[in-house]
Amino acid sequence: MSEELKELIEAAIYKEVASQSLYQFAMQKTDDTSVIQLLETLIQNEEGHLKILKDLLVKGKFKPKAITPRLQTLKLDTYIKGGTQLEGSGLQDILLYAIKEEQSAAEFYSHLMSTFISQEAKDMCRFLAAEELEHKLKLELIYDDLFFIEN
């Protein structure tokens, strides 16, 4: 494994741990059971990401999976206001906050891709960005189902 890729994986691990901590903090600030359930799910997702990244550090090789082009976003982070803080937020704002966090993480990895020389590191960035966008889409679909109910 190149030093570049190792540093990228370590940065991604840090980002996942930070996201997990953020969601744990938000859980302490609410009594709403639906919000707590959502945050627990988000924490479990971050734990899954951590496992993948830690396994990569141990195995030392990254084999990118094929990324299938499909709908990547409903763009809720662009068109819906709110979701700027977790403290005191209800389910709708916490979902929107998480959507914005996933978009931010995807952008981080996309921008980072251009800074690397090795193809392996670039492939890892592409993979991580796609994973974050996939999680964002899942959250957007939950948001859509809950808050854009048709009459």
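The questions and answers below concern a predicted model of one protein chain.

Residues are numbered from 1 along each chain as its sequence is written, and side-chain values use heavy atoms, with hydrogens and water left out. Local features need pLDDT of at least 70 and side-chain atom pairs count only at pLDDT 80 or more, while totals for chains, interfaces and linings use all residues.

Q: In which helix is confidence lowest, and in which is it highest?
A: pLDDT is the predictor's confidence in each residue, from 0 to 100. The protein chain averages 81, and 87% of the residues score at least 70. Helices are DSSP runs (H or I, at least four residues), numbered from the N terminus. The lowest mean, 70, belongs to α3 (residues 76-79), and the highest, 87, to α4 (residues 91-113).

Q: Is glutamate 140 buried or exposed?
A: Glutamate 140 is placed in helix α5 (residues 119-147). Leaving aside neighbours within four places in sequence, its contacts (heavy atoms within 4.5 Å) include Leu76, Asp77 and Ile99. Relative accessible area under 20% is buried, over 50% exposed, and in between partly exposed (1.4 Å probe, protein chains only). Because its relative accessibility is 0%, glutamate 140 is buried.

Q: What is the geometry of the pair formed by phenylalanine 108 and tyrosine 109?
A: Rings of Phe, Tyr and Trp (its six-membered ring) pair if their centres lie within 6.5 Å; planes under 30 degrees apart are stacked, over 60 edge-to-face, and the rest tilted. The structure holds 2 such pairs. For phenylalanine 108 and tyrosine 109, the centres are 5.1 Å apart and the planes 65° apart, which is edge-to-face.

Q: Why are tyrosine 143 and phenylalanine 147 separated by about one helical turn?
A: These two residues form a tilted aromatic pair, 5.0 Å centre to centre with 55° between the planes. Tyrosine 143 is buried at 2% relative accessible area, whereas phenylalanine 147 is partly exposed at 29%. They are separated by about one turn because both lie in α5, at a spacing of 4 residues.

Terms used. Helices (H or I, at least four residues) and strands (E, at least two) are DSSP runs, numbered from the N terminus.
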